[in-house]
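Let's walk through this structure together with some questions and answers.

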Amino acid sequence: MNRYELGIVDTRNIIKTLQDVYNYDFKNYALTFFKRRVERVILNHNLKDAEGFINKIENDRAFFEIFLQEMCVENTEMFRDPSLWRVFKEDIFPKNVQDAVNFKIWFPEVSSGEELYSTAIILKKLNLHKNVQFIASSISELDIEKTKKGIFDSKKTEVNDANFKRIFSESELSDFYTIENDNAHWDTSLIENTKFIKQNIIFDDYPKGIKLILFRNQMIYYNQILQERFMKIIYNCLVPGGHLIIGNNEKVEYWNSDKDYTLINKTESIYKKKLS
Amino acid sequence: MYKAVVIGGSAGSFQVITKILSSLPKNFPLPVLLCLHRLKHVRSGFVEALSIKSTIPILEPYDKETIKPGKGYLAPSNYHMYVELNKRIALSTEEPVNHSRPSIDLTFETAAQAYRDKLVGIILSGANRDGAYGLKKLKQSGGLAIVQDPNECQVKTMTEASLKQTTVDHIFTTEQIISFLLKLK
């Protein structure tokens, strides 16, 4: 099978359309990724080619929302990299959240919500959930709605459960979800304390006084220009001494931010903002 | 004249890869992109295992790392590894392709877009069909397509699937792959 392949000129035209019609600027997304996602949308919606895509998206706001959701890559699973979540459970959360009031945790791109629910479940198990406020941003309204309702892909149940067992060997993740027919739902009371923010590519308005930011494997879809812009905002949002967690194969040095942070756990990419 | 080598392998490819990496000269003039199927929950150990015998440094790249000659770039566990047009690595956690993340198809396809006819692609032993589409794209972009001789493979599904989709330039044994690579400048 030969997939439809988007050329460079077509890609530029699409980026321009999204900018002109919706004021969303995708030019600093990683090109390979952007192309691949648009190709996928063209294929899944039988749009034939770039022209078909442009015609559809120009006139169809609902379709634009579907496209935005497509640009937010789903988290692969709950508790991805269980060893990180063990560090949260055994060290970071007990040490920092125990005596805190309104400890703010920000998910700059919450996408399909697994990072948010994973964090909420750890805090609930530690009985620290009342000390925390979650802030979850996304460029996708559809993802925000889905996350609020706690809907997730039941095909991931097996890997989710296995990851959870690596953190809490004595308990069951199924205490926190229900599956009816093919619908899987998280217990939404876990995220009662969450403020959702729908945002454009880069934030117009962003939260302040954040103590911990979980932003793993999202900036990999941006080029370095956009990554550096995000890092500036993140720096301003985070309180001195606050934690930033990025993906295993991301590195703050790449964004000229190494002077701003101390790497406190290399394996899990946990950084701490310097005090001054 | 070539600018990069991309290698895909799965079941039965570890020893072949080790042999290849131990036979390259220290100053091998091209980058080697490695997409090998691996256990997703075992994050560490693989790059170390490959490094023991390799003459060139093997690393799991960071996102947007610049690709340099004489180094081996191993796709990290549970990530796809792409090559951007500006010859940097881009990682991705998008859904698995052919049940695989990393997917050989995606590494080959994006490397082909970045390196066009300056790319050598090699498919080794493996138990699924990943890589067949990627090798086809590589060939269509003018790259040189090599498949390990299925008769030599521990598991021949992957090489046979590739041969079915693409008229390759060479079907080589491990020894032939090595002597071919040694001639690259």
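Q: Which residues of helix H4 (residues 61–71) of chain A are buried?
A: Helices (H or I, at least four residues) and strands (E, at least two) are DSSP runs, numbered from the N terminus. A residue is buried if 20 or more other C-beta atoms, placed from the backbone, lie within 10 Å of its own, exposed if 12 or fewer, and partly exposed in between. In H4(A), the residues that are buried are A:Phe67, A:Leu68, A:Gln69 and A:Met71.

Q: Which helices are included in what covers the buried residues of H4(A)?
A: Contact here asks that the C-beta atoms of two residues, placed from the backbone, lie within 7 Å. The cover over the buried residues of H4(A) includes helix H2 (31–44), helix H3 (50–59) and helix H7 (141–149) of chain A.

Q: How were these residues and chains labelled, and what kind of model is this?
A: Residues are numbered from 1 along each chain as its sequence is written, while chains are lettered from A and ligands numbered from 1 in the order in which they are written. Local features need pLDDT of at least 70, side-chain atom pairs count only at pLDDT 80 or more, and totals for chains, interfaces and linings use all residues, since this is a predicted model.

Q: What average pLDDT does chain B have?
A: pLDDT is the predictor's confidence in each residue, from 0 to 100. In chain B, 100% of the residues score at least 70, and the average is 95.

Q: How many residues does domain 1 of chain A put into its contact with domain 2 of chain A?
A: Domain bounds come from an automatic or database domain assignment, which gives domain 1 (8–71) and domain 2 (82–273) for chain A. Their C-alpha centres lie 28 Å apart. Domain 2 of chain A brings twelve residues to the contact, and the number from domain 1 of chain A is twelve.

Q: Which element gives the largest share of the side of domain 1 that touches domain 2 in chain A?
A: By class, this side has eight nonpolar, two polar and two charged residues. Here Ala, Val, Leu, Ile, Met, Phe, Trp, Tyr, Cys and Pro count as nonpolar, Asp, Glu, Lys and Arg as charged, and the others, Gly among them, as polar. The largest share, five residues, comes from H4(A).

Q: How many residues of chain A are in contact with chain B?
A: The predictor gives the complex an ipTM of 0.92 and a pTM of 0.94. Chain B takes part with 18 residues, and the number from chain A is 14.

Q: Which strand gives the most to the side of chain B that touches chain A?
A: This side has eight nonpolar, four polar and six charged residues. With three residues, the strand that gives the most is E6 (residues 89–92) of chain B.

Q: Why is B:Lys19 classed as partly exposed?
A: B:Lys19 sits in helix H1 (residues 14–23) of chain B. B:Lys19 is partly exposed because the number of other C-beta atoms within 10 Å is 14.
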